[in-house]
Amino acid sequence: MDGNGRWASARGLPRGAGHRAGVKTIQRVAEAAPALGIGTLTLYAFSSDNWRRPAEEVGGLMRLLRAYLRGETDRLARSGTRLTVIGRRDRLPPGIPEAIERAEAATASGDRLHLRIAVDYSSRDAILAAAARLGPEGLSREGLSEALGADGDVDLLIRTGGEKRLSDFLLWEAAYAELHFTDRMWPDFGATDLAAAVADFTARDRRFGGLNPPAVPQAA
Ligand code: IPE
Ligand code: MG
């Protein structure tokens, strides 16, 4: 979800106004996703490297997160959206881990969309922690995916805001993800942009390292 700050600056607004506008995008995108065939949507809200930002901006983002969890849980539950949060919880401000747990419990039966929000998230740290939990004997591709809570591989990875990098997001899960980069700033991103990204994805030839059509007939 990149581009909140630049969106605000371009309008002569403080960066926090961009982050507030970005929260509204979450709702638009989550509402549009199921009809486009998206069952799981993971949003990168706050990376472990974002702690480096000024305390005022970090505080504002945490307040937005708290308000989102408190204000949106009912709507998410009513719309059949299951909310889960990935990332570290031990460094979050007081009250937020509890708010996350409440939102996750209240939306646990949602089966229309699995909305995952990454907060204090680093994919490299998540992989290290999962590998340490499993130990050398327990390591396998499937085991690590499960330990990461991966909910399947990422098919399509969208980055808004014009940058073309992964920034430590879902590195294991996105091994074969199709990448879609758009200059649209996150606050301006909407259902049409999501549909365009899905159309782009649908047109890709996914071979997973093989050939298409296969040179050797595949066993049924
Ligand atoms: C949102 O956009 C990402 C968050 C950390 C919430 P940015 O804050 O990265 O906005 P830009 O890149 O400065 O425009
Ligand atoms: Mg940015």
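What follows is a short exchange on a predicted model of one chain.

Reader: What makes up the chain, in helices and strands?

Author: Seven helices and five strands. From the N terminus the order is α-α-β-α-β-α-β-α-α-β-β-α.

Reader: How much of the chain counts as buried?

Author: Of the 220 residues, 42% do. The cut-off is under 20% relative accessible area. The chain exposes about 12,200 Å², and carbon and sulfur atoms supply 53% of that.

Reader: What share of the contacts joins residues at least 24 apart in sequence?

Author: The count starts with contacts between residues at least 6 apart. Of these, 72% join residues at least 24 apart.

Reader: How far apart are the mean positions of the positive and negative charges?

Author: They are 6 Å apart, for 30 positive and 29 negative charges.

Reader: Which residues does UniProt list for "binding site"?

Author: Asp2 and Glu178, in an unreviewed entry. Such an annotation may be inferred rather than shown by experiment.

Reader: Where is Asp2, and what does Asp2 touch?

Author: Asp2 sits in the segment before helix 1 (4-10). Leaving out residues up to four places away in sequence, Asp2 touches Arg159, Thr160, Gly161, Glu163, Arg184, Met185 and Trp186.

Reader: Why is Glu178 called buried?

Author: Buried means under 20% relative accessible area. Glu178 has 15%, so Glu178 is buried. This residue lies in strand 5 (residues 178-181).

Reader: Which residues does Glu178 touch?

Author: Not counting residues up to four places away in sequence, the partners are Asp155, Leu156, Leu157, Phe201, Arg204 and Arg206. The cut-off for a contact is heavy atoms within 4.5 Å.

Reader: What makes Thr73 buried?

Author: The same test applies: under 20% relative accessible area. Thr73 has 10%, so Thr73 is buried. Thr73 belongs to helix 3 (residues 55-78).

Reader: Which residues is Thr73 in contact with?

Author: Tyr68, Ala103, Ala106 and Thr107, leaving aside neighbours within four places in sequence.

Notes
Residues are numbered from 1 along each chain as its sequence is written. Chains are lettered from A and ligands numbered from 1 in the order in which they are written. This is a predicted model: local features need pLDDT of at least 70, side-chain atom pairs count only at pLDDT 80 or more; totals for chains, interfaces and linings use all residues. Side-chain values use heavy atoms; hydrogens and water are left out. Helices (H or I, at least four residues) and strands (E, at least two) are DSSP runs, numbered from the N terminus. Buried means under 20% relative accessible area, exposed over 50%, partly exposed in between (1.4 Å probe, protein chains only). Accessible areas come from the Shrake-Rupley method with a 1.4 Å probe; for residues, only the protein chains shown count as cover. Lys and Arg count as positive and Asp and Glu as negative; His and the chain ends are not counted. The place of a charge is taken as NZ of Lys, CZ of Arg, CG of Asp or CD of Glu.
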